[in-house]
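Please look over the model below before reading on.

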Amino acid sequence: CRLAAEKNDPKMIAQLNDILKLHAEDEAFKAGQAYYFQEGQDDFHYCIIKNCGNATLEKMLCDELYHLIRMYRVQFSKTPKRAQKALNEHLHILDAITNGDGPLAEMLMQRHIMASCKNIQDHHNTLQGETHV
C-alpha cells in the first residue's frame with residue numbers, strides 16, 4: 001500500500017474506486033451475508049499489489065500465496081458485520097493511496113490484515129469452544 005500510494009497512479013486509483021463500487025453494490029454484501037469476492041483485477045488487494053511496482057512482492061502475493069490467502073478471506077468473510085467493516089477499511093486505505101500518503105496507507109493495510117487475522121482466530125476459538133477476549 002505504501003508503494004502504491006507513493007506511485008499515486010490515477011489509473012490504478014480509478015480502478016480501485018471501481019472495484020469498491022462493485023463490491024458495495026453486490027447483493028450478498030447489501031444483505032449483510034458476505035463480502036464480495038472476485039479474483040484478479042476485481043480484487044482490491046490484488047489490484048494494489050499488481051500496481052505497487054515491486055515484482056518480488058507481486059510474485060509472492062499474487063502467484064504463490066494468492067489462492068491460499070483468498071481461500072481464508074472467502075471462508076471468513078461471512079462473519080457478522082465483517083463485510084461492512086472490511087469495506088470501510090478498504091475505503092480508508094484507498095483514501096490514503098489517493099492522497100499519496102504512503103505511511104498511512106501502509107498502517108491502514110496492516111490494521112486491516114490484523115483485523116482479518118483476529119476474525120480468523122475468533123472463529124477458530126469459537127469452533128473449539130473457547131471464548132477469545
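A crossing of two helices is called left-handed if the near helix is turned anticlockwise from the far one by less than a right angle, and right-handed if clockwise. In this predicted model, the crossing of H2 and H7 is left-handed. The axes of these two helices, H2 and H7, come within 11 Å and cross at roughly 165°. Because angles over 145 degrees count as roughly antiparallel, H2 is roughly antiparallel to H7.

| Helix | Residues in the contact |
|---|---|
| H2 | Met-12, Ile-13, Leu-16, Asn-17, Leu-20 and Ala-24 |
| H7 | Leu-87, His-90, Leu-91, Leu-94, Ile-97 and Thr-98 |

By class, this contact of H2 with H7 has nine nonpolar, three polar and no charged residues.

The largest nonpolar core has 21 residues, and those with the most contacts inside it include Met-12, Leu-16, Phe-44 and Ile-97. Helices H1, H2, H4, H7 and H8 are the elements that give two or more residues to this core, and its largest share, six residues, comes from H7. Leaving aside neighbours within four places in sequence, Leu-16 is in contact with Phe-44, Cys-47, Ile-48, Leu-94 and Ile-97.

Cys-62 lies in helix H5, which covers residues 55-64. Because its relative accessible area is 7%, and buried means under 20%, Cys-62 is buried. Not counting residues up to four places away in sequence, Cys-62 touches Tyr-46, Ile-49, Lys-50 and Leu-57. Cys-62 and Cys-47 are 15 residues apart in sequence, and their C-alpha atoms are 9.6 Å apart in space.

Technical notes: Residues numbered from 1 in each chain as written. Predicted model: local features only at pLDDT ≥ 70, side-chain atom pairs only at ≥ 80, totals over all residues. Heavy atoms only, no water. Helix = DSSP H or I, 4+ residues; strand = E, 2+ residues; numbered from the N terminus. Buried < 20%, exposed > 50% of the residue type's maximum accessible area, 1.4 Å probe, protein only. Contact = heavy atoms within 4.5 Å. Core = buried A, V, L, I, M, F, W, Y, C linked by side-chain atoms within 4.5 Å. Axes fitted to C-alpha atoms, helices over the stretch in contact; angles between N-to-C directions. Parallel < 35°, antiparallel > 145°, perpendicular 65-115°, else oblique. Nonpolar A, V, L, I, M, F, W, Y, C, P; charged D, E, K, R; others polar.
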